[in-house]
Amino acid sequence: MNALKYLKQRLDETQFRKIGQIDNPALHEFIATYIKLLNPDKIFVCTDSPEDEEYIRQKALEYGEERALKTLGHTVHFDNYYDQARDKANTKILVPKGVDLGPFINTKDRDEGLREIHELMKDIMKGKELFICFFTLGPQNSIFTIPAVQLTDSAYVAHSEFLLYRKGYEEFKRLGKEARFLKFVHSAGELDERKTSKNLDKRRVYIDLESETVYSVNTQYGGNTIGLKKLAFRLTIRRAVKEGWLSEHMFLMRVNGPNGRKTYFTGAYPSMCGKTSTCMLPHENLVGDDLAFIVDMKGEARGTNVEYGVFGIIEGINQKDDPIIWKVLHSPNEIIFSNVLIKDGKPYWNGMGEEIPDEGENHSGEWWRGKKDKEGNEIPPSHKNARFTVRLEAFPNLDREALDAPCGVKISGMIFGGRDKDTWVPVCESFDWVHGVITKGASLESETTAATLGKEGVRQFNPMAILDFLSVPIGEYIKNYIRFGEKLRDPPKIFAVNYFLRDENGNWLNEKLDKAVWLKWMELRVHGEVDAIKTPIGYIPKYEDLKRLFREVLNKEYPKELYEKQFTIRIPELLAKVERIEKIYREKVKDAPEVLFEVLEEEKQRLLEAKKKYGDYISPFEFENV
Ligand code: SPV
Ligand code: MN
């Protein structure tokens, strides 16, 4: 097939001209192949022009995937009631025969998967319009840039991408044949009268590593459809492991130290574990909230935000705890609210700290208080995974320079955190890179949340908060991490945090904003400006330092007894955890590096020794300052 010739037939003159300006036969071939398969009635190609972006915005309204709200720039989008989160069961990595990615990664035979998805996609865009869009991961024309092309029949998906990513048409033109680009093909499939995906039994997200293409069909929820977000992530993790850098499920933020010092941290937390609220803390500066690329540049870890916007969870956002996000959501920014409650053109969500109307429209359609779903469950005003999509530019605390820096920023600290009621202390610094990678990152566990379909509150192994997205065997991924640190002159310090610790009666031991103090402490540790206490699991803060920081940062008393409770080293839980993690790596991870077992064994011995000396629950005051 002569791709350009075919495209000339299918596209009108204006659209064809836009494609023709990119000198990349592989791109033409890809687009032609999928136009033939998807068979749309109409095709629109988006350049980087404001008019083309406006076209997408208008189409989202015209086709009913979004509706305008009262505030200028605000729209609402609904996903099908049963399409509210990432569909782990139907998201699969396609692997050629003989390739085994291990038991944690959902895979499918490549030939079979490609056959199935191509069948599902055949003529699926009949009667619809196809949007062809170009974006980049990472800043344009930088050491991080990865160009990507998205084909979709959802103007909502395309619109979301215009909010979340940097435009890439000019980059494709500039790179021409050189572009090593990622490809995304999405169709929302048949829509119901509410313009939500109807054939959820045929919902599929298939990731083809070999051709770096992701297919997504019969779904609209962003985590299943926005190509450059979690779909691209599977592809970039693999590239990173092959090429020796890191593609991570991490925020990127600036913590402001004494005398105007700027220190950058990344942080990996499973969905709904405080990642977004950490990087948006008042007094600090935001660079990114979900995905980071980290490379080694002359022995320094340099990081960038892969994205340009935020697809954030809205539940619980209230004026007091999240003043910045609150303000962003109440200003005339371009925002897509999804799966919230709408009443008189205004969005409402659970936990917003304001009175919520007793009726309106939400992800279930017309809604009233007490309404039940088919399963007999009462439907809350908004879905737990309801979200807002907005450009980072809307945030007054954005570190714009860092966002656009072509060589990224130096990463001085990496944080790992999960939802853990009884094991980890609120903040702890690892002894060194390898200790951190293994006992913090690779040992991360968290209770499941509403960010994925399925039961909530179950403790699950989730190394580096990346398990849902992993596309290479865990062992290989961890080996790459360890090697990465060895290349660095001054590797980032690795910290673990736990915002969800409870006491023996099940009461939270921390308040939501306490994390602001942990961050300041970590910043000081990076620069060697505070001492710490050496425990079997790493360094923890001294009471005096926290007391001072609580006063300075939150203007709060910090009682000694509370500190002691929070930072008690819980030997039985910690030992059980080491054993649990070791067992997983022994039994379920084929290619775990030997050093992982050594480091876990050392940790265990330290815990046993401490237990012998001090018992099961050890006050932080027992340990020695260093
Ligand atoms: C997450 O769940 O980690 C998210 C939202 O950031 S999603 O796009 O669904 O992955
Ligand atoms: Mn995420």
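1. A polar contact is a pair of N or O atoms within 3.5 Å; within protein, one must be able to donate a hydrogen and the other to accept it, and residues adjacent in sequence count only if both atoms are side-chain atoms. By this rule, 18 residue pairs, both at pLDDT 80 or more, are in polar contact across the interface of domain 1 and domain 2.

2. The model is predicted: local features need pLDDT of at least 70, side-chain atom pairs count only at pLDDT 80 or more, and totals for chains, interfaces and linings use all residues. Residues are numbered from 1 along each chain as its sequence is written, and side-chain values use heavy atoms, leaving out hydrogens and water.

3. The domain assignment, automatic or from a database, gives domain 1 (3-66 + 82-244), domain 2 (247-308 + 402-624) and domain 3 (311-393). The centres of domain 1 and domain 2, taken over C-alpha atoms, are 34 Å apart. Their contact (heavy atoms within 4.5 Å) takes 34 residues from domain 1 and 46 residues from domain 2.

4. About 3,400 Å² is buried between domain 1 and domain 2, with carbon and sulfur atoms giving 62%; buried area is the accessible area (1.4 Å probe) that two parts lose on being put together, summed over both. On the domain 1 side, R86, F104 and F144 lose the most area to domain 2, together 22% of what that side buries.

5. Six salt bridges (a side-chain nitrogen of Lys or Arg within 4 Å of a carboxyl oxygen of Asp or Glu) are found across the interface of domain 1 and domain 2. D100 forms a salt bridge with K590, with the closest N and O atoms 3.7 Å apart.

Note on methods:
Chains lettered and ligands numbered in written order.
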